[in-house]
Amino acid sequence: MTAIQDLMATNHCYGCGAANKDGLQIKSHWHGDECVCTYMPRPEQCAGPLHYLYGGTIASLIDCHSVGTAVANYYRLEGREIGEGEEIWCVTGQLNVNYLEPTPIDKEVTLRAVVEECGERKTVVKCRLYSGDTLTTAAKVIAVRVPNSWKE
């Protein structure tokens with residue numbers, strides 16, 4: 001199954017852009033109505049203590065996974081495959097992150113996002129980040145749909 005990000009050929013975002021070889025290179029996939037991403041943290045993404053993942057990296061993972069979920073949802077609603085026809089773009093309107101537990105850096109993390117609300121220009125996404133079975137971070141992201149001229 002091809003990742004959402006791999007179908008967005010002109011995306012150079014640090015977190016989710018497949019075209020940015022130095023970025024996080026996250027890969028998100030639909031599983032029913034939930035969008036899921038797994039990511040293996042890198043040692044340089046530590047929080048200070050070498051055994052925890054940096055909160056800024058966690059926020060970036062959540063932000064990019066959630067905005068990608070919103071973009072993919074708009075394609076779904078329009079009955080199109082991701083990347084088919086005119087591109088759909090969203091940007092972050094709001095990112096509210098609640099850190100619940102420290103996230104170990106030596107384990108793969110799983111992000112699970114669901115669309116809670118979707119309008120013509122605004123999508124509200126609820127995202128949770130797990131380390132193993134432990135919920136370490138919960139977030140709400142508002143993604144705003146922008147015209148293609150945004151990227152010019």
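This is a predicted model: local features need pLDDT of at least 70, side-chain atom pairs count only at pLDDT 80 or more; totals for chains, interfaces and linings use all residues.
Colleague: How do you know whether the radius of gyration agrees with that of a compact globule?
Modeller: Set the value against the rule, which is 2.2 Å times the number of residues to the power 0.38. For 152 residues that rule puts a compact globule near 15 Å, and the chain has 15 Å, so the two agree. The C-alpha trace spans about 45 × 30 × 30 Å along its principal axes.

Colleague: What share of the contacts links residues 24 or more positions apart?
Modeller: Among contacts in the chain with a separation of 6 or more, 61% are between residues 24 or more positions apart.

Colleague: Which elements does the chain have, and in what order do they run?
Modeller: There are one helix and six strands. Starting at the N terminus, the order is β-β-α-β-β-β-β.

Colleague: What makes β1 and β2 a pair?
Modeller: Two strands pair if at least two bridges are found between them. Strand β1 (residues 28-31) and strand β2 (residues 34-39) have four bridges, in the antiparallel sense, so they meet that condition. You can look for W30 with its bridge partner C35 in β2, and for H31 opposite E34. The two strands form a hairpin with two residues between them, and G32 in the turn has a positive phi of about 70 degrees.

Colleague: Which other strand pairs with β2?
Modeller: Strand β4 (residues 109-118) does, again in the antiparallel sense, over six bridges. Here E34 stands opposite V114 in β4.

Colleague: Why is β2 described as largely enclosed?
Modeller: Five of its six residues are buried, so the rest of the structure largely encloses β2.

Colleague: How do you know that T110 is buried?
Modeller: The cut-off for buried is under 20%, and T110 has a relative accessible area of 17%, so T110 is buried. T110 lies in strand β4. Leaving out residues up to four places away in sequence, T110 touches V36, C37, T38, R128, L129 and Y130.

Colleague: Why is G79 called exposed?
Modeller: Exposed means over 50%. G79 has 63%, so it counts as exposed. You will find G79 in the loop between α1 (55-77) and β3 (89-99).

Colleague: Then why is Q25 called partly exposed?
Modeller: Buried needs under 20% and exposed needs over 50%. Q25 has 26% relative accessibility, so Q25 counts as partly exposed. Q25 lies in the segment before β1, and has a positive phi of about 55 degrees although it is not a glycine.

Colleague: One last thing: how many positive and negative side chains are there, and how far apart do the centres of the two sets lie?
Modeller: The chain has 14 positive and 19 negative side chains. The centres of these two sets lie 2 Å apart.

Definitions and conventions:
Residues are numbered from 1 along each chain as its sequence is written. Side-chain values use heavy atoms; hydrogens and water are left out. Contact means heavy atoms within 4.5 Å. Lys and Arg count as positive and Asp and Glu as negative; His and the chain ends are not counted. The place of a charge is taken as NZ of Lys, CZ of Arg, CG of Asp or CD of Glu. Buried means under 20% relative accessible area, exposed over 50%, partly exposed in between (1.4 Å probe, protein chains only).
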